[in-house]
Amino acid sequence: MNKNRQLAIEKIADTVRAECKVTGYGFQNIFEAAEKLGYQVIRYPIGKDEFLGFAMIKEGERIVFSNSSLILSREIFSIAHELGHQKLHLSEQGLTLIKDDDFTNRDEYEVEANYFAASLMMPREKVDKFIRQELNDKSSDKWNGLDIARIQTAFNVSYDMALIRLKALGKLSESQVHYLKNEKGEYTATKLLKAISGNVDLCRSTEAKKVPAEYLEWVISNYNEKLIPRKSLQAALSYVDLDVEDIGGLSEEKDVEDDSVFAKIGT
């Protein structure tokens, strides 16, 4: 990615932070922030080994999905990454779906979405401010795992993402990253966070289930219009602990292909 594209993405990320009125270092709740921006946010625990998330435009609705079986810091990054796809790559007239199995793909769109997420979660000027005011301008060659845990808590990111971003911003060298990774390996991120009374929830999965009511109404409507199969209807209803037999007035089943949002999350 060239410098001009990086700057353009940073400006878009800054605009999103301003729209979300983020005045501190990190997002207090990026899920609610995304909803306030007008996105439909779906969270569901589809398993630790399943895909991470997707961004989608469906019938004019902009949707971001995150796998809540991931640890919270990873899921937060997933939402930021999917917002990046929404802002940079999807459009009603062109590409309407990007699914992410991992974030290490070096595809151009994935690199850009990662850069957007990093710029959104840890803007350069906020990182500078934290180092100056919260770490008292401590020289980075004296940083230890507890300092990274403080940054992790302030910006609501994972330990590893903090290291990646700090290296990208020129705050850490490769050897310093290696040393700090070893500290995490020795103590674990959870222990480091506990030691500073940080946010240990970042290291746990929430297993959150959040499916907007309008999508259940939509999937029932699609079934009645014979656009999706009964198994997808059943799977969608199971997300809110309902069964097909609990729903009255359904039409008879017909073999159809399913391209619904629920199909994308494993139905």
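Me: In this predicted model, which residues of the largest nonpolar core touch the most other members?
Reply: The largest nonpolar core of this predicted model holds 57 residues, and helix α3 (residues 72–88) gives the most to it, with seven residues. Within this core, the residues that touch the most other members are I30, L120, M121, M122, I148, I151 and F155.

Me: Between which domains does this core lie?
Reply: The chain is divided into domain 1 (3–121), domain 2 (124–203) and domain 3 (213–246). Two of these give residues to the core, so it lies between domain 1 and domain 2.

Me: Is I148 buried or exposed?
Reply: I148 lies in helix α6, which covers residues 145–155, and leaving out residues up to four places away in sequence, I148 touches W143, Y159, A162, L163, L166 and L180. Buried means a relative accessible area under 20%. Because its relative accessibility is 0%, I148 counts as buried.

Me: Which residues does F155 contact, leaving aside its neighbours within four places in sequence?
Reply: F155 is one of the core residues that touch the most other members. Once the neighbours within four places in sequence are set aside, the contacts of F155 are Y25, G26, M121, M122, K126, V127 and F130.

Me: How many residues make up the other core, which lies apart from the largest one?
Reply: This other core includes I42, M56, Y239 and V244 among its members. Its total is 21 residues.

Me: What distance separates the centres of domain 2 and domain 3?
Reply: Domain 2 spans 124–203 and domain 3 spans 213–246. Taken over C-alpha atoms, their centres are separated by 44 Å.

How values were computed
Residues are numbered from 1 along each chain as its sequence is written. This is a predicted model: local features need pLDDT of at least 70, side-chain atom pairs count only at pLDDT 80 or more; totals for chains, interfaces and linings use all residues. Side-chain values use heavy atoms; hydrogens and water are left out. Helices (H or I, at least four residues) and strands (E, at least two) are DSSP runs, numbered from the N terminus. Buried means under 20% relative accessible area, exposed over 50%, partly exposed in between (1.4 Å probe, protein chains only). Contact means heavy atoms within 4.5 Å. Domain bounds come from an automatic or database domain assignment. A nonpolar core is a set of buried Ala, Val, Leu, Ile, Met, Phe, Trp, Tyr and Cys residues joined through side-chain atoms within 4.5 Å.
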